[in-house]
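Subject: Structure handover

Hello,

Here is the structure for you to look over. Please open it alongside this email.

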Amino acid sequence: MTSKVDLTPAVLDLDLYAGDGADFQLKFTDSNNAAVDVSDRTFSAQIRKTRSDATSYNLTIITTNAATGIVVIHIPGSITSILPRTSQWDLQFTSASRPDPFTILQGTVTCIPDVTRS
């Protein structure tokens, strides 16, 4: 019998439009679909052209409603305006009980060039 433990983060690819800001909401729930309080966690997320690229773009994590399991990720237009056509991103957290980073989402970012510019 072959067994496997898969600890890789879930995949969430993002399709963005250059110059436009974007917000998306994550809701943390348990197996009974009840909200999980994540206010004790510190989240961070970055976009990089490639996973090993030294240049990173930090995303804003809004945790105002973390006690009800809701976290909002904000990507400013100032970042989408300079992203390459494709890049990579991930989201991780730490907490007092889990000081090592735990990456929960990762994926590809596709950024479509915009047409209307100042």
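Below is what was found in it, from the overall fold down to single residues.

Overall fold

Please keep in mind that this is a predicted model. In sequence order the pattern reads β-β-β-β-β-β-β-α-β-β. The C-alpha trace spans about 50 × 40 × 25 Å along its principal axes. The protein has 118 residues, and 30% of them count as buried.

The largest pocket

Which residues line the largest pocket? They are S44, A45, Q46, R48, R51, Q88, W89, D90 and Q92. Two elements each give two or more residues to this lining: β4 (41-48) and β8 (86-95). The volume of the largest pocket is about 150 Å³. By class, its lining has four polar residues, three charged and two nonpolar. A45 and W89 are the nonpolar ones, because Ala and Trp are classed that way. R48, R51 and D90 are the charged ones, because Arg and Asp belong to that class.

The salt bridge

How many salt bridges does the structure hold? The count is one. It joins the side chains of D40 and R41, at 4.0 Å from N to O. Side chains of opposite charge can pair when their charged atoms come close. Are the two partners buried, exposed or partly exposed? D40 is partly exposed, because its relative accessible area is 48%. R41 is also partly exposed, because its relative accessible area is 24%. Both values fall between the 20% and 50% cut-offs. R41 also falls within the residue range of β4 (41-48), one of the strands that line the largest pocket.

A nonpolar surface patch

Y17, I112 and V115 form a nonpolar patch on the surface. Together they have about 280 Å² of accessible area. I112 lies in strand β9, which covers residues 102-112. It counts as partly exposed, because its relative accessibility is 34%. Patch residues need over 30%, so I112 qualifies on that score.

I61 is in strand β6, residues 60-62. I62 is in strand β6 as well. Where do they stand on exposure, buried or partly exposed? I61 counts as buried, because its 18% relative accessibility is under the 20% cut-off. I62 is partly exposed, because its relative accessible area is 34%.

Each also has a spacing you can check in the viewer. I61 and V115, the latter from the surface patch, are 54 residues apart in sequence. In space they are 28 Å apart, C-alpha to C-alpha. I62 and L91 are 29 residues apart in sequence and 13 Å apart in space, again C-alpha to C-alpha.

Two exposed residues

N33 is in the loop between β3 (22-27) and β4. Its phi is near 65°, a positive value in a residue other than glycine. N33 counts as exposed, because its relative accessibility of 61% is over the 50% cut-off.

T8 is in the segment before β1 (10-11). It counts as exposed too, because its relative accessibility is 57%. T8 and T55 are 47 residues apart in sequence. Their C-alpha atoms are 23 Å apart in space.

Where to start

For a quick tour, begin with the lining of the largest pocket, including W89 and D90. Then go to the D40 and R41 salt bridge. Finish at the patch formed by Y17, I112 and V115.

Best wishes

Terms used
Residues numbered from 1 in each chain as written. Predicted model: local features only at pLDDT ≥ 70, side-chain atom pairs only at ≥ 80, totals over all residues. Heavy atoms only, no water. 1 Å grid on protein atoms, 1.4 Å probe; cavity = no way out; pocket = protein on both sides within 12 Å on 5 of 7 lines; lining within 4 Å. Points joined across faces, edges and corners; volume = space filled by probe spheres on them. Helix = DSSP H or I, 4+ residues; strand = E, 2+ residues; numbered from the N terminus. Patch = residues over 30% accessible without salt bridge, like charges linked within 9 Å, V, L, I, M, F, W, Y side chains within 5 Å. Areas by Shrake-Rupley, 256 points an atom, 1.4 Å probe, with all protein chains shown as cover. Buried < 20%, exposed > 50% of the residue type's maximum accessible area, 1.4 Å probe, protein only.
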